[in-house]
Each structure stands twice: as structure tokens, then as C-alpha cells.
Amino acid sequence: MGISDLYLGIGQKRNISHFANIVRIAKSDNKITPEEIAFLTKVSTKYNISDEEFKEILLDPEKIPTIAHLECIDRIERLYDLLIMIRADHEIQKEEVSVLRKIATGLAFPLHKVDQIVDESLKVDVQKTDLESFTKNMLDFLHLK
């Protein structure tokens, strides 16, 4: 990102970081499907990602660090978005799961539970489970309420 990034608030930096993580998942199997592009477009709007930022991040998401300083609820919401991206093309690739584990670690989920969190999350059908239900289930899983 450019010099204008110096003026971004922490909230927008977190949004850009999250968007880059979603792009990492999309690119992890070396192809981006039309379904994945559709989800990226939807997420970019939700998180106020400009067209220029969208293009830059799509080219090289690795330039953007993962920002971990989030409340637990926010981390779970990020995880939910990542799951939607993994399932966007209706196939779960091992490369996507590997990237998801790295991102979950970067999001500061408890290290000793990252594998369990990812495994439990991958069992969820995001087509049938909304964010609120997913959040409740994850809080229960993490023994938080």
C-alpha cells in the first residue's frame, strides 16, 4: 500500500488486513473461481475496500500483515468470512485449510486450540449457519460466553 496508508484509521487497517487474509485463502489453490470473486467483491464492499486497494491486494495479499488485536467476537466473525471463502467454490482444498490455520494463528486464537478451532469450523455448513449461530457455537466451543 502507498503513503496514503499512513492516514488510515486502525479500523480500516484491520479491514484491509482481513480482506487480504480472505484473498490469501482464495489464492491458496492457485485459482480464483467466479464464486470466489463474487464473495471478494461482496466483502470488499462490506469493509470499504476501494477498487485500487482491491486490485493491489488481489495481486499480492502477502504484503499486508494480519492484525491480531481484535476482540474475540471480531476474530470469530473474521473466521466465519474465511470459511465462506473456503466454501465459495464448493471444494475444500488442503492448501486453503493450511492457510486458514496460519491465519487463525495470526488472529491470536489460543495457540493450543488453533487446530481444534479450524477443524470444528470446517464442520460448519455456512450456507445453513448464520454468523450469529456460528459465533454462539464458537464461544461455547472456546468455553467463553
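Tyr80 and Phe134 are both buried, where buried means under 20% relative accessible area, exposed means over 50% and partly exposed lies in between (1.4 Å probe, protein chains only). Before we go on, note that this is a predicted model: local features need pLDDT of at least 70, side-chain atom pairs count only at pLDDT 80 or more, and totals for chains, interfaces and linings use all residues. Residues are numbered from 1 along each chain as its sequence is written, and side-chain values use heavy atoms, leaving out hydrogens and water.

Now to the rings. A search of the whole structure finds two aromatic pairs; rings of Phe, Tyr and Trp (its six-membered ring) pair if their centres lie within 6.5 Å, with planes under 30 degrees apart called stacked, over 60 edge-to-face and the rest tilted. Phe19 and Phe54 form a tilted pair, 5.4 Å centre to centre with 45° between the planes. Phe19 sits in helix 1 (residues 10–27) and Phe54 in helix 3 (residues 51–59), 35 residues apart; helices (H or I, at least four residues) are DSSP runs numbered from the N terminus. Phe19 is buried at 0% relative accessible area, and Phe54 is buried at 15%. The rings of Tyr80 and Phe134 are tilted too, because their centres are 5.3 Å apart and their planes at 45°.

Let us turn to charges. The structure holds seven salt bridges, each a side-chain nitrogen of Lys or Arg within 4 Å of a carboxyl oxygen of Asp or Glu. In one of them, Lys46 pairs with Glu77, the closest N and O atoms being 3.2 Å apart. Lys46, Glu77 and Asp81 are linked in a network of salt bridges.

Key:
Helix = DSSP H or I, 4+ residues; strand = E, 2+ residues; numbered from the N terminus.
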